[in-house]
Amino acid sequence: MDDLVATNVIKHVGEGSAATLILERKGERLRVEMHDKASSPPSLRAAGCDAECGRGLHLLAAMAVDWGTVATAMGKAVWCEIELGQDAGCLPMERAADALETYRARSGTLPQGRCDAVLAESAVELIADLLHWTSARGLDPDDVLDRAQMHYEAEADAA
């Protein structure tokens with residue numbers, strides 16, 4: 001979706017024009033905004049079967065729950081909202097739980113199950129093993145932890 005909006009900036013505002021993409025999660029929706037310096041709003045138009053252009057907004061309208069344009073001090077913003085579904089925010093947690101369960105099963109040292117205490121201990125062991133792995137490859141484990149923390153915080157802020 002953001003590729004479609006970005007392509008329209010290049011096509012209608014001009015290659016090399018400054019544009020800003022903003023992605024914002026709002027509950028079960030993802031809001032995509034593309035800000036550019038052009039003041040004229042886009043308009044839906046008919047495109048013939050052989051036309052190379054003219055379908056961008058139709059695609060946007062078909063894929064988005066809602067969309068529109070807003071005049072800004074520097075030009076305009078074209079925005080749309082995409083439905084993510086109820087399970088979109090749970091995917092990282094489910095992936096982590098599956099990985100920890102697999103990790104626990106391979107280690108064979110902890111009782112079976114997905115209770116928080118079992119998975120928490122598996123998480124500690126997995127993180128420790130990953131730090132050994134990074135150190136053995138000449139990487140700085142503190143740097144890896146810092147980067148992981150920044151990644152986690154950015155995803156938490158987006159949610």
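## Salt bridges across a strand pair

In this predicted model, the count of salt bridges comes to 5.

| Side chains | Distance, N to O |
|---|---|
| Glu 81 and Arg 29 | 2.9 Å |
| Glu 81 and Arg 31 | 3.2 Å |
| Arg 29 and Glu 83 | 3.6 Å |

Salt bridges with shared partners join Arg 29, Arg 31, Glu 33, Glu 81 and Glu 83 into one network.

The other two listed pairs also link distant parts of the chain: Arg 29 in strand E2 is 52 residues apart from Glu 81 in strand E4, and 54 residues apart from Glu 83 in strand E4.

Arg 29, at 27%, is partly exposed, and Glu 83 is partly exposed at 42%.

The strands that carry these pairs, E2 (residues 29–36) and E4 (residues 75–83), run antiparallel and are joined by 8 bridges. Within this pairing, Arg 31 stands opposite Glu 81.

Both strands belong to an open sheet of 4 strands, ordered E1-E2-E4-E3 with antiparallel pairing. Strands E1 (19–26) and E3 (66–72) stand at the edges with a single partner strand each, so one side of each has no neighbour in the sheet. From one strand to the next, the twist averages 20°.

Conventions. Residues are numbered from 1 along each chain as its sequence is written. This is a predicted model: local features need pLDDT of at least 70, side-chain atom pairs count only at pLDDT 80 or more; totals for chains, interfaces and linings use all residues. Side-chain values use heavy atoms; hydrogens and water are left out. Two strands pair if DSSP finds at least two bridges between them. Axes are lines fitted to C-alpha atoms, for helices over the stretch in contact, and angles run from 0 to 180 degrees between N-to-C directions. A salt bridge is a side-chain nitrogen of Lys or Arg within 4 Å of a carboxyl oxygen of Asp or Glu. Buried means under 20% relative accessible area, exposed over 50%, partly exposed in between (1.4 Å probe, protein chains only).
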